[in-house]
Every structure is written in C-alpha cells, then in structure tokens.
Amino acid sequence: MNTNTSKVQMGLFTFFKYFMLIIAALIAIIPVVVCVLTAFKTEEEYQSTSALSLPKSFLYFENFKVAFTQANMLRGFINTAFVLVVVLTASVLVSSMIAYVLNRFKFVGNAMIRNLFMFAALLPGIAMQVTIYEIMNNLHLINHLYGYMICLMGTDIISIYIFLQFFENLPTSLDESAIIDGCTYFGVFFKILLPLLKPAIMTNLVLKGVGVYNEYYASNLYLQSKELKTISTALYTFTGPYGSQYNYICAGVLITIIPILLIFIVFQKQVYGGLASGAVKG
C-alpha cells in the first residue's frame, strides 16, 4: 500500500514538474514567436489579424527597412558599440583593482568598505536617480555620451564580488614569489593575477554587457539628442501618445537581437566556461 502511494506521489510530482516546465517554456517562447510573426506583417495584416496568426509572406522586409532607417538604428548601433567597449573595459579594470586591494591588503576599514558595498547593492537604483541627475546636471554631463558612460561606469558591486571570489581561490604565494623577485604590486596585478582572472572577466563581460546593451532608463534620461540615441532608445521612435506601430517595433527588436546572437554563437564556449567557473568556488 505504501509502495503504491509512493509511486502515485512520484508520478504526480513528475507530472507537475514537467507541466510547470512546459508552462515556463511557453511563457518565454510565445512573446518571441509573436514578435517574429508581427515583424513580417503589413500594416493591414497587423490591424486585422490576431497576434499568433501567420503573415501572408515571410519575405516582406519593408518593416525592417523602415525600422532601420527611420529609427536611425545604424547610429544607435555605433553609439552602443562605443559605449560597450569603454564601459566594459573600465568596469573590468576598476572592479578587479578594487577586489585586488580588498582581498590582498589587510587594513583598517577593509571590512567596513565591504559592508558598505553590500549595503549599496541593496539600494534600489531608481531611488537615487534624483540625486544622480542633479550631480550630472551640475557637472554639465547631460546630453553627452561621455557623461552617460561615466554614469554606467559607476562602481559595479556585483562585479567586485565576482572578482573577490576568484581572488580568494588564487594563492597569495603567487604575489609573494613575484615580489621577492622584484616585481611591484602593479606588476603582480597586471602580469600575474589579471591573466588568471579570464573566467571572472568573461562572466563580468556577459553580465555587464547584457545590462548595458539593454539599458533604457538612463539612456532616455541623459541622452536627449537624436544623434546620441542608443539601440534601446531607437526602438521607441515608433511609440507615441496615439498608439504604437508594433510591426516596426518588432522588426527593430529582431534587428537588435542579430548582433548579440552572432556574438553568442561565436563565443558560446567562452561564455559557458566563464559562467560555469564563476559559479564554482574552490
């Protein structure tokens, strides 16, 4: 009797598990399917058909042409690429240096600084935007690409803790041996430790890069000129108070996905390796 009850319970648990997995998969896939279908529909089809109905032709590329030209997506890609290179480079260097100092040097206030970083991570970013905007305005950094990049280059708490975890796995004997041989602390960091942080660097590049590429709030707030639009704000060209042109928006979304998809296909081994290494300690 107990055996049969256990089998029934296991069967129900298995059914519920796969049922929830299917629901979660549908929740993730259906918006993408709707976006793809809408991107190939004409204005008349979009107005007269349901969201999941197939377009008459998957060779209708007029929406992509309109989205790319009217939203000035080429300028958006250029601005976003420039921001990504600068912000990611600065974020990796600053975060890894801070983590190096906090991990390798024991000084008064070390624990307090770590606790302050943890406290800062708990603060909602939106709650500090009034103060940040006032600072940006007083420094005349609004509507300038370098001001926007400085805002994004702010201390990345998550990146610091990722690097701290990796530094804890690197023996201090590496530093001591190099210093005995006459190497400076900068030499130890850049020549010995930084090359060993490649998995952590890849993890941070993925996490930070996705956030910067998809970032909309700060871009819309601090970059008000059309020439300074990033790829995320370029999509909002087709929104307005009297309605949104979702066939153009969906076409633009697919265009923005292409670069990230190509990068992921080319560097997927490095991405998975960095994330897997970042998830395992020791």
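In this protein chain, 70% of the contacts with a separation of 6 or more are between residues 24 or more positions apart. Keep in mind that you're looking at a predicted model. Its secondary structure comes to 15 helices and zero strands. The radius of gyration is 24 Å, well over the 19 Å that the globule rule gives for 282 residues, so the chain is more spread out than a compact globule.

**Overall dimensions and surface**

- Along its principal axes, the C-alpha trace spans about 75 × 75 × 35 Å.
- Buried residues make up 34% of the 282 residues.
- The accessible surface comes to about 17400 Å², and carbon and sulfur atoms account for 71% of that.

**Nonpolar cores**

- The largest nonpolar core has 36 residues, and those with the most contacts inside it are Ala39, Phe64, Met73, Val83 and Phe238.
- Several elements give two or more residues to this core, including helix 1 (2-39), helix 3 (62-70), helix 4 (73-104) and helix 14 (246-266).
- Take Phe64 as an example: leaving aside residues up to four places away in sequence, Phe64 touches Ala39, Phe40, Ala251, Leu254 and Ile255.
- There's also a second, separate core of 21 residues, with Phe117, Ile157, Leu193 and Ala200 among them.

**Charges**

- The chain carries 16 positive and 12 negative side chains.
- The centres of those two sets lie 8 Å apart.

Conventions:
Residues are numbered from 1 along each chain as its sequence is written. This is a predicted model: local features need pLDDT of at least 70, side-chain atom pairs count only at pLDDT 80 or more; totals for chains, interfaces and linings use all residues. Side-chain values use heavy atoms; hydrogens and water are left out. A nonpolar core is a set of buried Ala, Val, Leu, Ile, Met, Phe, Trp, Tyr and Cys residues joined through side-chain atoms within 4.5 Å. Buried means under 20% relative accessible area, exposed over 50%, partly exposed in between (1.4 Å probe, protein chains only). Helices (H or I, at least four residues) and strands (E, at least two) are DSSP runs, numbered from the N terminus. Contact means heavy atoms within 4.5 Å. The radius of gyration is taken over C-alpha atoms; the globule rule is 2.2 Å times the number of residues to the power 0.38. Accessible areas come from the Shrake-Rupley method with a 1.4 Å probe; for residues, only the protein chains shown count as cover. Lys and Arg count as positive and Asp and Glu as negative; His and the chain ends are not counted. The place of a charge is taken as NZ of Lys, CZ of Arg, CG of Asp or CD of Glu.
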